[in-house]
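Subject: Structure handover

Hello,

Here is the structure I said I would pass on. My notes follow below it; please read them with the structure open.

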Amino acid sequence: MSRTPNYEFQEWWNKQRDRNHDELLLEKSDNLSTSPAFLSVEIRSSGSPGDRMADKDRARTRSARQISWVWLLKFQQIAGSLASITNGIVYLVRTANRRISSPDSPADSATSRLYRIIKVFLIVVLLLLVFELVAYFNGWHFSPPSVSSASAEVLGFIGFLYANWLQIRGNYLSPSLQCLINLCIVLFLIQSVDRLLLMLGCFWIKFRRLKPVAAFEYSSTGENAASPEDYPMVLVQIPMCNEREVYQQSIAAVCIQDWPKDKMLIQVLDDSDELDVQQLIKAEVQKWQLRGVRILYRHRLIRTGYKAGNLKSAMGCDYVKDYEFVAIFDADFQPGPDFLKKTIPHFKGNDELALVQTRWSFVNKDENLLTRLQNINLSFHFEVEQQVNGMFINFFGFNGTAGVWRIKALEECGGWLERTTVEDMDIAVRAHLCGWKFIYLNDVKCLCELPESYEAYKKQQHRWHSGPMQLFRLCFFDVLKSKVSWKKKANLIFLFFLLRKLILPFYSFTLFCIILPLSMFLPEAHLPAWVVCYVPGIMSILNILPAPRSFPFLVPYLLFENTMSVTKFNAMISGLFRFGSSYEWIVTKKLGRSSENNLVALEKELEPLVEGTSLHRSSSESGLQELTKLEISKKVGKNKRNRLYRKELALAVILLTASVRSLLSAQGIHFYFLLFQGISFLVVGLDLIGEQNHSSSVSVLKLVCSRLKLLITSCSCI
């Protein structure tokens, strides 16, 4: 018999299946919302305890294998970092060795002698550090051995040597070093007092609002308008030598002077030995001649005497006797259109006045750290030294440019002489001995350019510090025989030459680069902390006051000045003892930072003048076209690269070695000063200050630093 289908059970089964399906979909959506990456299904087995133990062992084995793989990956990463660091250091050392021994910069006798002395000092310092480390780990720093208390067999050979070393340094070396320390401290205090008196004089000038006042002022309108007779004949000279980057801006700035054209003659004194530069300068002169400017181009066939010979040759022209004053501008200087109207009136009614000097202003003072530090130094020089000396004693050193001379005074004191590389200081001293007076105008500024690379700045400073010593040696007896008062003689000999040109570089280099590190290895000789830190800090604050915006660079300025002491000391020795480099003149490298902007403004300003004259563009190219040619020539030029300086690097190692030794004696302030001073020498020695060239050595340094950072991160993770 056939069974009847159970429709009720079938209907119940279908309902249960649909409900279970909906619950499964809901659970799946919940799992996807909480873990969107995947859907995990946990399967539980009700196996025996033995099976569960086996599963735990397998999981533990898998965890140990994973940890081993992680450790292997970490060690592989560390090994790769160490290999990269090693390769970078090896490449850096090879590059350094190649650049240090490169023949690009031939060393003179003074430089080579000084470097040999520094190298011997470096070897001695390293040996002493090793000796002191051995003594420290043997406990001899806390209980020093004595030669009289034990024999060599009891102390051992090294202990016996250390005991004798203690006796020698305590009885013989330290007293001599202490005498040198005391001498440098006295010189240091004298120089600090001189700086303090100069600052007090500057504050007095500001407080009383003292400034030179001209007998009259030029006015172009009104009843007091100047007549043609009030404008004297002025000769303007622009000496230059291979000034490819800046010749246009200086010539243009002089040609647009607000002065009657028939009362002014411009001499472009070109000593260039590059034919293309001569052609460019000559074309620029022809362009301004066609615009109605009285301008001449002079080129010497026999280039002797550097800048002094160039100026002397130009003053020998027959037409110079028709002129009363001569204004001198270097190739990178851009005087304002009213420069002559602000300086010439001071000569009116003052027949004893020979020179009017104006202040320099820098177009690239914020270009990099090097230019900022130079701006601090030169701001103090002009704001304080030049202004105080000009106001109270009517004498200062001529800066060689941005000044106006009375031609009669130049002729009376002998004219330009070629005996030194500081012809400007030479003629200023001789004019002062002849009784002439000088005026400094701090409110009249002349734009110029600072050297942006350390190489150019170092060469400039070498000339500026070797030349005064040449001059001091040549004119010492002339000063004693002169008819000026004994006060002026004392000021020239003791303040102008000895204190500011000889003693300053001597004690700076000796105290901070020789005595300070040596005193760490001869602790019986005491160098007070106030000499190392406090007084130099106060003097740096005084130096930075004329440039208040530079206060954030106070510490770099202090360290950089000590770093430059080696260059200044070497230059001073070269000039004093007549070494070959003291007679070498190297033109300071300029980049023409403002030339493009000036040319664009000048082209707009002179458009009416150009339209009003029949100028043929074929006879003289425009300034912008010549600038474009210049930029193309710059691009095809050879690539620059960082230089390495041996003396600075050797002194960096000496100072850093002395800082390690100071740790053993727990001399905190000495340690920090030596550490940061050593780092500053290292930065300068690697040419990492100033105009930066992205050379291979800098890239390697960045690579090494990045690998070191990666290595430290890997080790911290482990």
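Residues 24 or more positions apart account for 82% of the contacts in the protein chain with a separation of 6 or more, a contact being heavy atoms within 4.5 Å. This is a predicted model, in which local features need pLDDT of at least 70 and side-chain atom pairs count only at pLDDT 80 or more, while totals for chains, interfaces and linings use all residues. Residues are numbered from 1 along each chain as its sequence is written, and side-chain values use heavy atoms, with hydrogens and water left out.

Of the 718 residues of the protein chain, 47% count as buried. Buried means under 20% relative accessible area, exposed means over 50%, and partly exposed lies in between (1.4 Å probe, protein chains only). The accessible surface of the chain comes to about 37400 Å², and 60% of that belongs to carbon and sulfur atoms; the areas come from the Shrake-Rupley method with a 1.4 Å probe, and for residues only the protein chains shown count as cover.

The chain has 22 helices and 7 strands. These are DSSP runs numbered from the N terminus: H or I over at least four residues for helices, E over at least two for strands.

The sheet

An open sheet of 7 strands runs in the order β3-β2-β1-β4-β6-β5-β7, with mixed pairing. Two strands pair if DSSP finds at least two bridges between them. At the edges are β3 (295–299) and β7 (437–448), each of which pairs on one side only. On average, neighbouring strands are turned by 20° against each other, direction ignored. Axes here are lines fitted to C-alpha atoms, for helices over the stretch in contact, and angles run from 0 to 180 degrees between N-to-C directions.

Strand β5 (residues 353–362) pairs with β7 in the parallel sense over 9 bridges, and T358 stands opposite L441 in β7. Strand β1 (residues 234–240) and β2 are also paired in the parallel sense, over 7 bridges, with P239 opposite L269 in β2.

How many residues of strand β2 (residues 264–270) are buried? The count is 7 of 7. M264, I266, V268 and D270 lie on one side and L265, Q267 and L269 on the other, so that both faces are covered.

The helices

Helix α6 (residues 247–255) has 9 of its 9 residues buried, so it is largely enclosed by the rest of the structure.

The axes of helix α15 (residues 529–544) and helix α16 (residues 554–576) come within 10 Å and cross at roughly 110°. The two are therefore roughly perpendicular, the class for angles of 65 to 115 degrees; under 35 counts as roughly parallel, over 145 as roughly antiparallel, and the rest as oblique. P536, S540, I541, N543 and I544 of α15 make the contact with L554, Y557 and L558 of α16.

Helix α21 (residues 668–685) holds Q677, which is buried with a relative accessible area of 1%. Leaving aside neighbours within four places in sequence, Q677 is in contact with L559, N562, T563 and L655. V684 and F560 are 124 residues apart in sequence and 8.5 Å apart in space, C-alpha to C-alpha.

Regards
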